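I have opened a new page of my notebook for this protein.

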Amino acid sequence: MDCVVLSRRQLQSPLSNLCRSCSRRFLPRLVRAYVSTSAQPDIYDVVCVGGGPAGLSLLTALRSDPTTAGLRVALVEAQDLSKVRSWKLPPDRFSNRCSSLTPSSAQFLDRIGAWGHMQRDRVQAYHEMQVWDGVTDARIEFERESRQAGGKTIIAYMNENLNLTSGLLRRLDELGGVAMFDGAKVETIALGEDTEEVDFGEWPMVHLAGGKQLAARLLVGADGANSPVRAFAGIESRGWDYGRHGVVATLELEGGGFDDGTTKTAYQRFLPTGPVAMLPLPGNLASLVWSTTPANAALLKSLSAKDFIALVNAAFRLPPVDLAFMHTLTSGQEDELAWRLQHTPAARTSKLPEPVVGVQDGTVASFPLRLRHADAYVGERVALVGDAAHTIHPLAGQGLNQGQADAASLARTLAGAVAHGQDIGARAALEPYPAERYAANHVLLGVCDKLHKLYSVESGPLVPLRSLGLRAVNAAGPLKGFLMDRAAGRGVKLNELF
């Protein structure tokens, strides 16, 4: 029988005249030893890049589910997570980055065991919403009378983002089994190489500063709007900037704060420059989210505390033309508001928030508003969640809830794949996730975008038409109840959580 004789030099050079399978048959241990001298990656079933609410919720869901608890998982985060774990503020101080958690999101967090690890005295439920047109005063009121009998329905819970992430981290620490690479910079993400031991040719390889390499059966991008994971997967993200900034601050209200102290109300007024919202926090505190022009945002951040407070109070009380004039002043808004309130007819609106009397130091900030939606949520061995997949206008307060729903859906998808013995990184195994989430997110993105554009109009036939529609919805009890259920995340009742 003929045999093939190869020299040492031939063994160390590419065998161009042999097929891949034959090359592997004839390659001796000499070549394997050469390959094994290179740095070997750490191998994981799931590597999540991004330690925000969406990424942490996904990993917590995977670790808390017996079906997926056996997966080898890792988290890569640029921040030092020890600071997030130990986050704590005095009882009367609140962060300016707060979000509305729908009951559906709260139920998910409770199911994965994270809700009990949050500082619950810093979470504020609210039960009513007052939303009105700043031009015509047309209003829709989500109140007790419009809700179904048989229980106290909570629309949402106001909560600091850091309270959520610190609670998720404490739950992950309790569960264990997650390799944490915090304070770690991702240098590159690329496909791995085919070696004699393992074929990494189709696996994403995350290269960290310092030389560490992580091989991922599934790479999850929870790394924000400028997602490196999405860029690695070659998935386009489309949308536009609104030319608006969101101004946030922590406010102190007159007296005991909202209403009677037990029934809390959220307020939102649509102005031509963008909506302004005041959302209840515990005690007499509130969270401000004001969408406005970059020039107005810069002015608000430059004002003294007393003039900033005056502009916030004016935003809920004065006609848009008066408010626009006050934005032309570089100072003196407090005196201007006092004069205008004396010479302005009583507000036609039936309900207004308590006057603002203080703003906590260092909480006034702003960020640009934009809409983005990825062309796809999954690729081969890649999945996107949260802001890496979509970015929404904050007028409905649904951005964080979208990310929580993404995490819950992807965790269910992976549990199903594991239960059926599928490769969790294969596109076919991941397909139930975008099938459930893509259209739902796309509809919500579209609705918020259209609302922003609809209420940016100051004059013309559209103004009375939108007011007519708002008043009609307010008068239609069943339709208003339906909208309230949607705002509350399908109207889930969570009285047992409090």
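These are my entries, starting with the whole chain and then going to single places.

**Entry 1: the whole chain**

I am looking at a predicted model, and I keep that in mind throughout. I find 17 helices and 20 strands in the protein. Of its 498 residues, 51% are buried. I also looked up contacts between residues with a separation of 6 or more, and 76% of them join residues 24 or more positions apart. The accessible surface comes to about 22,300 Å², with 54% of it belonging to carbon and sulfur atoms.

**Entry 2: the cores and helix 13**

Which residues touch the most other members of the largest nonpolar core? I get Val47, Leu109, Leu219 and Leu410, in a core of 68 residues. Helix 13 gives the most to this core, with seven residues. Another core lies apart from it and has 30 residues, among them Leu251, Leu299, Leu323 and Leu337.

I then followed helix 13 itself, which runs over residues 399–419. Its 21 residues reach 31 Å from the first C-alpha to the last, close to the 30 Å expected. I note that 15 of the 21 residues are buried, so the helix is mostly covered. After helix 13 comes glycine 421, with a positive phi near 70 degrees.

Leaving aside neighbours within four places in sequence, I find leucine 219 in contact with residues including Val47, Val49, Ile189, Phe232 and Arg381.

Arginine 381 sits in the loop between strand 18 (378–379) and strand 19 (382–384). Its phi is near 65 degrees, a positive value in a residue other than glycine. Is arginine 381 buried or exposed? I write down buried, because its relative accessibility is 8% and the cut-off for buried is under 20%.

I count 17 salt bridges in the structure. One of them joins the side chains of arginine 217 and aspartate 45, at 3.2 Å from N to O. Arginine 217 lies in strand 11 and aspartate 45 in strand 1 (residues 42–49), so this pair ties together parts that are 172 residues apart in sequence. Arginine 217 is partly exposed at 27% relative accessible area, whereas aspartate 45 counts as buried at 17%.

**Entry 3: two further salt bridges**

Glutamate 128 and lysine 351 meet through their side chains in a salt bridge of 3.4 Å, N to O. This pair links distant parts of the chain, 223 residues apart: glutamate 128 is in strand 5, and lysine 351 is in the loop between helix 12 (333–342) and strand 16 (356–359). Glutamate 128 is buried at 7% relative accessibility, while lysine 351 is partly exposed at 23%.

Next I looked up arginine 340 and glutamate 336, whose side chains form a salt bridge of 2.6 Å, N to O. Both residues lie in helix 12, four residues apart, about one turn of the helix. Arginine 340 is buried with a relative accessible area of 14%, and glutamate 336 is buried with 18%. On salt bridges that share partners, I note one network made of Asp45, Arg217, Arg381 and Asp423.

Where is aspartate 137 found? I place it in the loop between strand 5 (128–133) and strand 6 (139–142). Aspartate 137 has a positive phi of about 70 degrees although it is not a glycine, and it counts as buried at 18% relative accessibility.

Serine 227 is in the loop between strand 11 (213–221) and helix 8 (228–233). It is buried, with a relative accessible area of 3%. Beyond its neighbours within four places in sequence, serine 227 is in contact with Leu384 and Ala388.

Arginine 244 lies in strand 12 (residues 237–253) and is buried at 17% relative accessible area. Arginine 244 and alanine 297 are 53 residues apart in sequence, and I read 8.5 Å between their C-alpha atoms. Leaving aside neighbours within four places in sequence, arginine 244 has contacts that include Pro272, Thr292, Phe367 and His452.

**Entry 4: a patch on the surface**

Val443, Val447 and Leu451 form a nonpolar patch on the surface, with about 230 Å² of accessible area together. Valine 443 lies in helix 15 (residues 432–454). Why does valine 443 count as exposed? Its relative accessibility is 53%, and exposed means over 50%.

Technical notes. Residues are numbered from 1 along each chain as its sequence is written. This is a predicted model: local features need pLDDT of at least 70, side-chain atom pairs count only at pLDDT 80 or more; totals for chains, interfaces and linings use all residues. Side-chain values use heavy atoms; hydrogens and water are left out. Patches are made of residues with over 30% relative accessible area and no salt bridge: like charges are joined within 9 Å, nonpolar side chains (Val, Leu, Ile, Met, Phe, Trp, Tyr) within 5 Å. Accessible areas come from the Shrake-Rupley method with a 1.4 Å probe; for residues, only the protein chains shown count as cover. A salt bridge is a side-chain nitrogen of Lys or Arg within 4 Å of a carboxyl oxygen of Asp or Glu. Helices (H or I, at least four residues) and strands (E, at least two) are DSSP runs, numbered from the N terminus. Buried means under 20% relative accessible area, exposed over 50%, partly exposed in between (1.4 Å probe, protein chains only). Contact means heavy atoms within 4.5 Å. The expected span of a helix is 1.5 Å times one less than its number of residues. A nonpolar core is a set of buried Ala, Val, Leu, Ile, Met, Phe, Trp, Tyr and Cys residues joined through side-chain atoms within 4.5 Å.
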